[in-house]
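Q: Hi! Could you walk me through this one? I'd like to start with how the elements are assigned.

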Amino acid sequence: MADENEEIEDGVDGEEAEGGKKKPGIMKLALFIGLPVLILVLGGTAAFLLLSGGGDDEHQVAEAGEHGEVTDGHGGGDGHGGGSGADLAVATLPDLIVSITDANGRNSLLTLQLSFETPDEHLLESLVEEDGETLTADGRRLVDLYMGFLRELRPDDLSGSAGYQRIRMELLRRAELVLGEERVSAVLITNVLIV
């Protein structure tokens, strides 16, 4: 009986047991200590890479301002300390009404009211005639670009703050193409209705 207990104790310590074979005590120890350490190192490396780097698109979305404009990370793009908006005018387009299709093929009407933050106080005059409803040549080109983009949207694209942020950035990019980058600083979605 005492011999059997000695063999069991020898097997636990990883020493030779019956038949001259070594018990896997050191291997178990390496697995139970080494594997968690390896997992922690790999997880820490992955977390570092995710938090510190990324592509240009992720960087722009992370640094995007409140209304979709991409800042240089130094407190605003107007050079007046923080972009308070005191020197910005607001130009509002007439409502845009677009037919969109959901994933099931059902049609819905999307009504958007858009405003532009702009340092150019005459921007509205270059988009809309004096009657407030008739569009100028620049206004028609801008609405044409917007309609093409908005028709491709699905109702799911408008869900959540990330969806609105992406749409504002796309609308801002199209406004900058038509009007010039210096004339529009942000696109504001002031009203959305899906029927």
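A: Happy to. Helices (H or I, at least four residues) and strands (E, at least two) are DSSP runs, numbered from the N terminus. Keep in mind that this is a predicted model.

Q: Thanks! So where does Val37 sit?
A: Val37 belongs to helix H2, which covers residues 25-52.

Q: Is Val37 buried, exposed or partly exposed, and why?
A: Val37 counts as partly exposed because its relative accessibility is 47%, and the partly exposed class lies between under 20% (buried) and over 50% (exposed).

Q: Which residues make a nonpolar surface patch of about 530 Å²?
A: Val37 is one of them, along with Leu29, Phe32, Ile33 and Val41.

Q: Zooming out, how many helices and strands does the chain have?
A: There are six helices and four strands. Reading from the N terminus, their order is α-α-α-β-β-β-α-α-α-β.

Q: And what share of the chain's residues is buried?
A: Of the 195 residues, 27% are buried. As for surface, the chain exposes about 13200 Å², with carbon and sulfur atoms supplying 55% of that.

Q: Let's switch to H5. How many residues does H5 have, and how far does it reach?
A: H5 spans residues 137-151, so to speak a run of 15 residues. From first C-alpha to last, H5 reaches 21 Å, close to the 21 Å expected at 1.5 Å a residue.

Q: Which residues of H5 are buried?
A: The buried ones in H5 are Gly139, Leu142, Val143, Tyr146, Met147, Phe149 and Leu150. Seen down the axis of H5, these buried residues fall within an arc of 165°, so they line one face of the helix.

Q: Nice. What covers the buried residues of H5?
A: The cover includes strands E2 (96-101), E3 (107-118) and E4 (186-194), plus helices H4 (123-127) and H6 (160-179).

Q: Then H6 next: which of its residues are buried?
A: In H6 the buried residues are Gly163, Gln165, Ile167, Arg168, Met169, Leu171, Leu172, Arg174, Ala175, Val178 and Leu179. They pack against E3, H4, H5 and E4.

Q: How far does H6 reach?
A: With 20 residues, H6 reaches 28 Å from first C-alpha to last, close to the 28 Å expected at 1.5 Å a residue.

Q: What comes just after H6?
A: Gly180, which takes a positive phi of about 105°.

Q: Last one: what fraction of contacts with a separation of 6 or more joins residues 24 or more positions apart?
A: That fraction is 61% for this chain.

Note on methods:
Residues are numbered from 1 along each chain as its sequence is written. This is a predicted model: local features need pLDDT of at least 70, side-chain atom pairs count only at pLDDT 80 or more; totals for chains, interfaces and linings use all residues. Side-chain values use heavy atoms; hydrogens and water are left out. The expected span of a helix is 1.5 Å times one less than its number of residues. Buried means under 20% relative accessible area, exposed over 50%, partly exposed in between (1.4 Å probe, protein chains only). The arc is that of the directions from the helix axis to the C-beta atoms. Contact means heavy atoms within 4.5 Å. Patches are made of residues with over 30% relative accessible area and no salt bridge: like charges are joined within 9 Å, nonpolar side chains (Val, Leu, Ile, Met, Phe, Trp, Tyr) within 5 Å. Accessible areas come from the Shrake-Rupley method with a 1.4 Å probe; for residues, only the protein chains shown count as cover. A salt bridge is a side-chain nitrogen of Lys or Arg within 4 Å of a carboxyl oxygen of Asp or Glu.
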